[in-house]
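The sequence and the structure are shown first.

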Amino acid sequence: MMDSRKKKEYESMGNKYILPKFRKSILCDHKLYFSSYNYNGFFSIDIKTGRTVLEGYFFQEGIENTMLSGSMLKWGNRIYFTPVLSRHIYYYDLNDKEMRIIGRRTMSDEESETDFRKCSMILYSFGNIYLISPYEDYMLKIHKDDIYEEALNVKEEYWKCFHTEYSYFSDAGYYEWNDRIYIPVEEKPVITEWKKKELKFHVLPYLEKGFIASFGYKNTMYLLTCNGEIVMIDIGSMKILKKENLKVQEDDFSQYRAAHCNGRTGYFLSYTSDSCIKIQLEDCSAEMVTTEKEWGIKAIFGETFCFSCFDGESKYFISDFNRLAVVNNCSSHIVTLEYNANELREHMTRRITERKNNEIITEYDMKFDLEVFLQSIGQHKPARRKTDYGIKIYNSMKNAIEN
């Protein structure tokens with residue numbers, strides 16, 4: 001049990017530090033990298049010391065509080081981002097520590113260019129990186145020469161088969177097996193089989209809902225439906241081998257977007273809570289467990305650890321008390337993330353001064369975050385809500401700009 005002094009210290013952490021907000025991360029060279037919601041920044045975490053550094057930012061974007069990027073993929077010496085709400089496709093060069101933009105293959109007919117924002121899935125296959133959007137018509141292909149192009153019109157193929165619009169989901173996951181990629185669909189119990197220019201759609205019988213998340217092991221795929229069914233299918237025949245209903249009262253399974261499999265046990269994990277779904281691969285039996293109990297994470301009073309990243313034998317969980325839990329087969333340890341608060345304030349001040357007068361700085365309020373984002377420094381109307389802490393931050397930034 002944590003003593004009252006320590007508890008007070010952690011509960012006040014949000015007032016001590018203006019913490020970046022993030023969920024997903026990616027491991028590269030013993031560091032976790034993530035893009036923050038509220039700083040339009042790209043950060044690294046030293047997994048041994050917890051030292052967290054602002055590496056760069058998405059320089060062509062406004063100061064957005066929602067996700068400019070979602071998933072990430074390392075390819076060579078670069079980290080590529082899915083442009084969830086950004087206006088460009090970015091990559092970060094691990095060698096020279098620079099953020100760069102991916103250009104379009106052809107610059108003609110700009111008005112008809114597909115809107116690549118909200119691309120939420122990123123994968124590497126067939127020698128290229130592909131971005132998949134839950135809403136737009138095309139898969140996008142990124143080439144090694146820093147250009148992208150439209151690779152495949154999914155909308156047309158889906159319409160031919162079902163006479164309705166398609167909807168991929170960001171974290172439904174995919175599985176590559178025998179040179180083919182299998183991608184679940186959210187709106188219908190459908191598995192998309194993809195190989196380069198070829199698309200096939202397999203409808204799974206006796207299911208009412210589409211899929212939230214998935215993972216594969218050998219020639220088998222495990223899927224979580226929108227209504228909480230765990231489905232085990234044979235990829236070759238696309239037949240349902242087993243089906244398990246979760247015996248819980250929860251009716252919203254949309255938070256379980258992450259998936260992990262160790263060859264004997266599989267998990268559907270959450271980026272926003274400490275609960276996860278544990279599956280025995282052999283018989284498809286499933287149960288709800290907590291991250292702290294399942295992996296022996298020693299949380300302190302009131303602390304919640306959410307899944308962030310898996311790499312090799314290690315799993316990484318971020319807590320709302322600004323701590324990182326590193327879990328492997330042998331042990332687990334926890335480090336506190338150490339930010340340079342002055343660096344964050346300088347970064348926000350610099351970003352505000354870079355914006356044009358007619359651009360909007362949106363407001364955001366969340367526990368342990370910068371409590372207020374002003375809609376615009378140059379606008380005449382005040383922010384919709386200002387806490388005392390938010391007013392202090394606003395005034396300090398405004399004074400820095402004016403002086």
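Is S69 buried or exposed? In this predicted model, S69 counts as buried because its relative accessibility is 4%, and the limit for a buried residue is under 20%.

**Surroundings of S69**

S69 is placed in the loop that runs between β4 (52-57) and β5 (72-75). Leaving aside residues up to four places away in sequence, S69 is in contact with S35, F58, F81, T82 and V84. One of these contacts, V84, is 15 residues from S69 along the chain, yet the C-alpha atoms of S69 and V84 are separated by 4.9 Å.

Which strands pair with β7? Strand β6 (residues 78-81) runs antiparallel to β7 and is joined to it by 3 bridges. Within this pairing, Y80 stands opposite Y91 of β7. Strand β8 (residues 98-104) is also antiparallel to β7, with 5 bridges between the two. Here Y92 has M99 of β8 as its bridge partner. The two strands β7 and β8 form a hairpin with 4 residues between them. K97, in the turn of this hairpin, has a positive phi of about 60 degrees.

**Loop residues with positive phi**

Most residues other than glycine have a negative phi. H30, in the loop between β1 and β2 (31-35), has a positive phi near 65 degrees. D179, in the loop between β13 (175-177) and β14 (180-184), has a positive phi of about 65 degrees although it is not a glycine. H30 counts as exposed because its relative accessibility is 63%. D179 likewise counts as exposed, at 53% relative accessibility; the class requires a value over 50%.

**Salt bridges**

How many salt bridges does the model contain? The count comes to 11.

| R78 | D146 | 2.4 Å |

R78 forms its salt bridge with D146. This pair links distant parts of the chain, with R78 in strand β6 and D146 in the loop between β11 (138-142) and β12 (147-153), 68 residues apart. R78 is buried, since its relative accessible area is 16%, whereas D146 is partly exposed, with a relative accessible area of 23%.

R180 lies in strand β14 and E193 in strand β15 (residues 190-195), so the pair ties together parts that are 13 residues apart in sequence. E193 counts as buried because its relative accessibility is 10%. R180 and E193 also belong to a network of salt bridges in which E198 and K200 are linked with them.

K243 is in strand β20 (residues 239-245) and E229 is in strand β19 (residues 229-234), 14 residues apart, and the pair links distant parts of the chain. E229 is buried, given a relative accessible area of 9%, while K243 counts as partly exposed at 39% relative accessibility.

**The largest pocket**

Rolling a probe the size of a water molecule over the atoms shows where empty space is left. The largest pocket holds about 940 Å³ of space. Its lining consists of 32 residues, and M72, Y174, A259, Y271 and F310 lie nearest its centre.

Which strand supplies the largest share of the lining of the largest pocket? That share, 5 residues, comes from β25. At least two lining residues come from each of β1 (26-28), β5, β9 (121-125), β17 (211-217), β21 (258-261) and β25 (305-311). By residue class, the lining of the largest pocket divides into 17 nonpolar, 10 polar and 5 charged residues.

Note on methods. Residues numbered from 1 in each chain as written. Predicted model: local features only at pLDDT ≥ 70, side-chain atom pairs only at ≥ 80, totals over all residues. Heavy atoms only, no water. Pairing = 2+ DSSP bridges. Buried < 20%, exposed > 50% of the residue type's maximum accessible area, 1.4 Å probe, protein only. Contact = heavy atoms within 4.5 Å. 1 Å grid on protein atoms, 1.4 Å probe; cavity = no way out; pocket = protein on both sides within 12 Å on 5 of 7 lines; lining within 4 Å. Points joined across faces, edges and corners; volume = space filled by probe spheres on them. Nonpolar A, V, L, I, M, F, W, Y, C, P; charged D, E, K, R; others polar. Salt bridge = Lys/Arg side-chain N within 4 Å of Asp/Glu carboxyl O.
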